[in-house]
Amino acid sequence: MLFRSLAALDALPPGDAVFDLDGTLIHHDIGEAALKRVIARGLPSAATRWLGTEDPWGRYQDLDPVTQCEAAAVALAGLTRAEVGDMVDACLADGDIVPNAAICELAARIGLRHRVWILTGSAEVLGIEVGRRLGITNVRGVRLVERDGILGDRVDGIVSCAEGKVRASWVYFGRRPVFAIGDSPWDLHLIRLAHVGRTTGRIAGMEFPGI
C-alpha cells in the first residue's frame, strides 16, 4: 500500500522526502531505549530537572511528547559521539530497536529520485548513528550544544516534534517536502505539509487518523 506513493512522487520534481525514525524506519524508539540505558547508569544532573531522581522513567512517561523529546536528548549530556554510537550498537544487538524492513525499502526506492531525510524527535546524534546503520546520511533531530567533542546539556534550536517538525522542515529544507511519513499523531503536522503524505497508521498498537 505504501508503495503506491511512488507514482505520485514521480510526477513531482526532485525534492526532499522526510521519514520519521522512531516507530517508522525502526520499530520502537531509540531515544527511549537510550534513556533507559542512561537511567540505569545514572542521569546527568541536567536531565533530573524534568525526570527527578526517584522514578525518572515514570516521570518521563507523564511528560507531554515535546518535553519528552527534550528531556531524553538532554539525558545524553556528557557523552561523546563515539559513546553514543556504541549505545546504538548495543540497542540494536539487544533488540531494543529493530529496522523496519518495509519502510527502509520504501526509503531506498524513493531515494532513487528524491533526497531522503530522517527528521526525528530523538536526539540528532542518535538519529545520525541509526541512519548510518540504515544507509541514510541526511539526518536532523533534537540537536545538543556540543563542546570539545562532548554533548552538552542544552538543546540548540528546534525540538523537532509535532509542530516543531514543520518549523524544522522550513528551516532545514526551505520548502515543502515532496513526501513525509510517520507513525504517530505528532507526525501529522509534517505529513499534512508534504505534497504526498502517508502514515503507517499505528502507534503503540493503536490505529490513529491518517491520510
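Predicted model: local features only at pLDDT ≥ 70, side-chain atom pairs only at ≥ 80, totals over all residues.
**Overall fold**

I started with the secondary structure and found ten helices and eleven strands in the protein chain. Next I looked up the extent of the C-alpha trace, which spans about 50 × 40 × 30 Å along its principal axes. Does the radius of gyration agree or disagree with a compact globule? For 211 residues, such a globule would have a value near 17 Å, and the protein chain has 17 Å, so the two agree.

I also checked contacts with a separation of 6 or more: 62% of them in the protein chain are between residues 24 or more positions apart.

**Inside and outside**

How much of the protein chain counts as buried? I got 51% of the 211 residues. The exposed surface comes to about 9800 Å², with carbon and sulfur atoms supplying 51% of that area. Then I looked at charges: there are 23 positive and 27 negative ones, and their mean positions sit 7 Å apart.

**Two loop residues**

I went looking at backbone angles and stopped at histidine 28. Its phi is positive, about 80°, although histidine 28 is not a glycine. I found histidine 28 in the loop between strand 2 (26-27) and helix 2 (30-41). Its relative accessible area is 48%; exposed would need over 50%, so histidine 28 counts as partly exposed.

Aspartate 148 isn't a glycine either, yet has a positive phi of about 55°. Where does aspartate 148 lie? I traced it to the loop between strand 6 (144-147) and strand 7 (150-155). With a relative accessible area of 73%, aspartate 148 is exposed.

Methods
Residues numbered from 1 in each chain as written. Heavy atoms only, no water. Helix = DSSP H or I, 4+ residues; strand = E, 2+ residues; numbered from the N terminus. Rg over C-alpha atoms; globule rule 2.2 N^0.38 Å. Buried < 20%, exposed > 50% of the residue type's maximum accessible area, 1.4 Å probe, protein only. Contact = heavy atoms within 4.5 Å. Areas by Shrake-Rupley, 256 points an atom, 1.4 Å probe, with all protein chains shown as cover. Lys, Arg positive; Asp, Glu negative; His and termini not counted. Charge placed at Lys NZ, Arg CZ, Asp CG, Glu CD.
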